[in-house]
Amino acid sequence: VSRGKKVLRLEYERFEELYERKLKEIEKKLKSYPGVIDVKIYHKTGTIKPKEDIVYVVVMGKHRKNVWEPLKDGIELVKKELPIWKKEVYENGEVWVHDVELK
């Protein structure tokens, strides 16, 4: 349920020409955190059903304490910087979430 409407599915699109470059920039930034060994990020596109996984942020660190901050920051950077757009499809319509957030 989003904005009081039942969501049937989500549809994600990305700007291919910019996506890979921005993804690598985010991964590089997260790898620079102390104690981080490696980072991999994956964001699905296409049609996603409710409750399906959409994004994975994987951080390998020397210790458990080294991964929490880059994990949290990673998901925020993905939402803010990756050129991906989400459409919510309802029983009686649809909306690009970006358009609603701009209003």
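**Surface, salt bridges and backbone of a predicted chain**

The chain exposes about 7300 Å², and carbon and sulfur atoms supply 51% of that area. The model is predicted. Buried residues account for 34% of the 103 residues in the chain. The C-alpha trace spans about 50 × 30 × 25 Å along its principal axes.

The secondary structure consists of three helices and six strands. Along the sequence, these elements follow the pattern β-α-β-β-β-α-β-β-α. Contacts were also sorted by separation in sequence. Among contacts between residues at least 6 apart, 64% join residues at least 24 apart.

Part of the surface is nonpolar. Ile37, Tyr42, Tyr56, Val58 and Met60 make a nonpolar patch of about 490 Å². Two elements, β2 (36-43) and β4, each give two or more residues to this patch. Strand β4 gives the most, with three residues. Tyr42 lies in strand β2. Tyr42 counts as partly exposed because its relative accessibility is 46%, between the limits of 20% and 50%.

Charge was examined next. The chain carries 24 positive and 19 negative charges, and their mean positions are 4 Å apart. The count of salt bridges comes to 12. Several of them can be followed residue by residue.

Helix α1 (residues 16-31) holds both Arg21 and Glu25. These two residues form a salt bridge, with the closest N and O atoms 3.2 Å apart. Arg21 and Glu25 are four residues apart, about one turn of the helix. Glu25 also meets Lys22 in a salt bridge, at 3.1 Å from N to O. Glu25 and Lys22 are separated by about one helical turn, because they are three residues apart in helix α1. Glu25 counts as partly exposed, with 34% relative accessibility. Lys22 has 17% relative accessibility, which is under 20%, so Lys22 counts as buried.

Lys72 pairs with Asp73, and the closest N and O atoms of the pair are 3.2 Å apart. Lys72 is exposed because its relative accessible area of 51% is over 50%. Asp73 is buried because its relative accessible area of 17% is under 20%. Elsewhere, salt bridges form a network. Arg9, Glu11, Lys87 and Glu94 are linked in this way.

Leu82 has a relative accessible area of 6%, under the 20% limit, so it is buried. Leaving aside residues up to four places away in sequence, Leu82 touches Tyr19, Lys22, Leu23, Ile26 and Leu77. Leu82 and Arg3 are 79 residues apart along the chain, and their C-alpha atoms are separated by 24 Å.

The backbone was then checked for positive phi angles. Most residues other than glycine have a negative phi. Arg3 has a positive phi of about 50°, although it is not a glycine. Arg3 is found in the segment before β1 (7-14). With 47% relative accessibility, between 20% and 50%, Arg3 counts as partly exposed. Lys51 also is not a glycine, and its phi is positive, at about 80°. Lys51 lies in the loop between β3 (46-48) and β4 (55-61). Lys51 counts as exposed because its relative accessibility of 86% is over 50%. Arg3 therefore counts as partly exposed, whereas Lys51 counts as exposed.

Methods: Residues are numbered from 1 along each chain as its sequence is written. This is a predicted model: local features need pLDDT of at least 70, side-chain atom pairs count only at pLDDT 80 or more; totals for chains, interfaces and linings use all residues. Side-chain values use heavy atoms; hydrogens and water are left out. Buried means under 20% relative accessible area, exposed over 50%, partly exposed in between (1.4 Å probe, protein chains only). Patches are made of residues with over 30% relative accessible area and no salt bridge: like charges are joined within 9 Å, nonpolar side chains (Val, Leu, Ile, Met, Phe, Trp, Tyr) within 5 Å. Accessible areas come from the Shrake-Rupley method with a 1.4 Å probe; for residues, only the protein chains shown count as cover. A salt bridge is a side-chain nitrogen of Lys or Arg within 4 Å of a carboxyl oxygen of Asp or Glu. Contact means heavy atoms within 4.5 Å. Lys and Arg count as positive and Asp and Glu as negative; His and the chain ends are not counted. The place of a charge is taken as NZ of Lys, CZ of Arg, CG of Asp or CD of Glu.
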